[in-house]
Amino acid sequence: MRIGKQKVALISWLLILAALLVGVFLTGSLGGGETESVQVAMKDAVLHDVNRISLFGIKDVNPGLISAFTVTAVLLILAALLRIFVIPRFQMIPGKLQLLLEQLVGMFDGMAKRNSPWRNDALGAYLFAAASYIFVGTCFELFGFQAVTTEGSSIALPAPLSDINGAIALGCLSYLFIMSGGIAGNGIRGIGRTLKEFSLPISMSFRLFGALLSGLLVTELVYYYINLSFVLPVVVGVLFTLLHALIQSYVLTMLTALYYGEVSEPGAKKVKKEKKNRSAQAAA
């Protein structure tokens with residue numbers, strides 16, 4: 001029975017591959033899968049100066065902004081639903097969803113405590129939020145949600161961070177959060193310690209943008225040539241997207257935790273003062 005099922009599965013896969021090959025030869029291998037040139041397609045993937053979307057008739061914006069609004073709304077609604085309907089029903093013996101949430105929260109909380117022993121109460125929450133946005137936002141392009149451009153054509157909404165503006169916004173937000181840790185730990189001196197790493201928001205932003213854009217450009221190139229646009233784009237798109245989602249979520253959260261720990265660490269005098277206060281409280 002097993003051998004018979006294996007033969008049927010093998011024959012089915014061979015028929016599918018044969019049908020795809022026939023489709024490739026029938027459609028021709030000389031023409032491309034897109035009417036625009038590959039240079040225009042690549043340039044628009046970076047600058048978004050051709051395919052723009054009207055924002056409620058107020059202004060024409062990049063598709064990445066629509067993606068950012070959509071991902072943010074989805075995450076906020078999901079967080080509200082979890083807080084209202086799931087978290088109040090937590091039990092001593094956790095179910096699958098409760099165990100998953102506890103593992104995620106514990107992982108980012110542990111990352112915050114390992115890299116920043118000082119002032120780490122809000123750090124774990126920020127790391128969890130940033131990682132969730134990067135992961136969900138990167139995977140968002142896999143769903144292929146369509147939007148109509150100002151020229152009347154239909155395009156798939158990209159990942160929010162494949163737009164340079166979105167990447168810069170997240171990088172600057174992380175930098176400001178790191179600065180807040182420096183101020184909380186060292187007052188005005190914390191600002192100076194944070195400003196020493198003046199290139200940090202630029203490096204974080206372009207690291208995100210470059211990593212996510214590389215996957216987008218590779219997929220665009222594969223889709224562009226019609227003799228490569230069967231099956232292969234699905235494999236390339238999914239693998240690149242999931243890989244970038246995991247790696248970039250980890251990289252940005254780890255960098256944020258490390259720099260936050262450096263700037264929030266109090267000076268030697270402050271540490272000695274806190275130890276004396278603790279000793280006096282214990283003696284009292």
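1. Helices (H or I, at least four residues) and strands (E, at least two) are DSSP runs, numbered from the N terminus. With that in mind, the glycine G187 comes directly after helix α6, and its phi is positive, near 65°.

2. This is a predicted model, in which local features need pLDDT of at least 70, side-chain atom pairs count only at pLDDT 80 or more, and totals for chains, interfaces and linings use all residues. Residues are numbered from 1 along each chain as its sequence is written, while side-chain values use heavy atoms, with hydrogens and water left out.

3. The pLDDT, which is the predictor's confidence in each residue from 0 to 100, averages 79 over the chain, and 70% of the residues score at least 70. Over residues 27-34 the pLDDT is below 50, although this stretch has 12 contacts (heavy atoms within 4.5 Å) in the model beyond near neighbours in sequence. Where pLDDT is low, the predicted coordinates should not be read in detail.

4. Helix α6 covers residues 164-186, and its 23 residues reach 33 Å from the first C-alpha to the last, close to the expected 33 Å, a span defined as 1.5 Å times one less than the number of residues.

5. Helix α4, residues 96-115, has 20 residues and reaches 29 Å between its first and last C-alpha, close to the 28 Å expected. Its buried residues (under 20% relative accessible area, 1.4 Å probe, protein chains only) include L101, F108 and M111.

6. L200 lies in helix α8, residues 200-224, and counts as buried because its relative accessibility is 4%. Leaving out residues up to four places away in sequence, L200 touches Y175, I178 and Y259; Y259 is 59 residues from L200 in sequence, yet their C-alpha atoms are 9.2 Å apart in space.

Key. Buried < 20%, exposed > 50% of the residue type's maximum accessible area, 1.4 Å probe, protein only.
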